[in-house]
Amino acid sequence: MKSYPPLGDVLVVIPTYNEAQNIESITTRLRKAVPDAHVLVADDNSPDGTGALADRLAEHDDHVHVLHRKGKEGLGAAYLAGFRWGLERGYGVIVEHDADGSHQPEQLPLLLKALENADMVKGSRWVPGGSVVNWPKSREILSRGGNLWTRMWLGVPLKDTTGGFNAFRADTLRGIDLDEVASAGYCFQIDLAWRALKKGFTVVEVPIEFVEREFGDSKMSKSIVGEAMLRTAIWGVDHRGRQLKNLLTKWRRPRALEPHDG
């Protein structure tokens with residue numbers, strides 16, 4: 001069994017765009033749930049003043065930091081910027097966390113505990129013990145279908161590849177070629193998990209309760225879902241093609257002659 005070093009300092013990255021109604025509450029809950037953790041608000045120049053509000057929080061708490069970005073560039077780009085910020089400053093663990101309350105800070109200790117013996121941990125809605133709250137049945141079908149689609153194409157052993165409540169060891173992020181990640185939304189989460197698995201990292205899931213946001217607007221859109229399905233299929237065609245090629249190569253390889261042959 002692989003031996004893992006201590007986790008080190010924890011940084012929770014929270015991407016924001018128009019989350020003024022949520023950012024103070026979610027930051028306060030995070031600081032209470034894991035008091036030693038640091039929080040980085042990566043704000044995409046929110047017109048509702050989220051960035052300014054985060055600055056005020058940071059002024060009164062040295063564990064809260066703010067990364068101001070030029071504009072709305074998408075969830076994936078915000079997380080990548082936050083990852084790089086954390087890696088440059090030597091954090092041992094970096095966590096993805098939504099600003100809207102759908103990820104519950106009180107469950108973060110469960111992910112960190114599991115990370116003691118893993119390289120990446122995903123908070124999962126679809127493993128035994130996981131659940132969703134206030135979701136219409138159509139949304140659940142869409143999420144379950146997207147994860148089934150991913151397993152079908154990529155053969156990953158994960159039930160919730162699209163989930164965005166994730167914890168990484170810093171070495172895991174360094175090892176998965178972040179410079180090559182260019183996806184967003186659902187697809188971004190699939191991309192990270194897929195890269196980690198291909199690199200041989202141990203990825204585990206722990207059950208979480210996912211709660212639909214109370215304030216603000218969801219950033220999910222048909223285009224994000226469409227991108228995820230298309231990119232996953234493209235990756236899957238390449239993956240299955242390589243599997244087939246390896247199988248044919250093995251099948252065609254000449255059998256070594258035994259002493260009695262000939």
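Let's start at W251, which is exposed because its relative accessible area is 70%, over the 50% that the term requires. Keep in mind as you look around that this is a predicted model. W251 sits in helix α8, which spans residues 222-252. Together with L244, L247 and L248, W251 makes a nonpolar surface patch of about 470 Å².

Which strands does β1 pair with? One partner is β4, joined to β1 in the parallel sense over four bridges; here L11 stands opposite I94. Another is β2, residues 38-43, which runs parallel to β1 and is joined to it by six bridges. In that pairing, P15 has A42 as its bridge partner. To get from β1 to β2, the chain passes through helix α1, residues 23-33, and this β-α-β crossover is right-handed.

Now step past the end of β4, to H97. This residue lies in the loop between β4 (93-96) and α4 (108-115). Is H97 buried or exposed? Its relative accessibility is 0%, so H97 counts as buried, the cut-off being under 20%.

Finally, let's check some backbone torsions. Most residues other than glycine have a negative phi. Against that background, look at N134, a residue other than glycine whose phi is positive, near 65°. N134 is found in the loop between β6 (131-133) and α5 (137-154). With a relative accessible area of 62%, N134 is exposed.

D177 also has a positive phi, near 60°, and again this is a residue other than glycine. You will find D177 in the loop between α6 (170-175) and α7 (185-198). How does D177 count in terms of accessibility? At 33% relative accessibility, D177 is partly exposed, because that term covers values between the 20% and 50% cut-offs.

Technical notes: Residues are numbered from 1 along each chain as its sequence is written. This is a predicted model: local features need pLDDT of at least 70, side-chain atom pairs count only at pLDDT 80 or more; totals for chains, interfaces and linings use all residues. Side-chain values use heavy atoms; hydrogens and water are left out. Helices (H or I, at least four residues) and strands (E, at least two) are DSSP runs, numbered from the N terminus. Buried means under 20% relative accessible area, exposed over 50%, partly exposed in between (1.4 Å probe, protein chains only). Two strands pair if DSSP finds at least two bridges between them. A crossover is right-handed if, with the strands pointing away from the viewer, the path from the first strand over the helix to the second runs clockwise. Patches are made of residues with over 30% relative accessible area and no salt bridge: like charges are joined within 9 Å, nonpolar side chains (Val, Leu, Ile, Met, Phe, Trp, Tyr) within 5 Å. Accessible areas come from the Shrake-Rupley method with a 1.4 Å probe; for residues, only the protein chains shown count as cover. A salt bridge is a side-chain nitrogen of Lys or Arg within 4 Å of a carboxyl oxygen of Asp or Glu.
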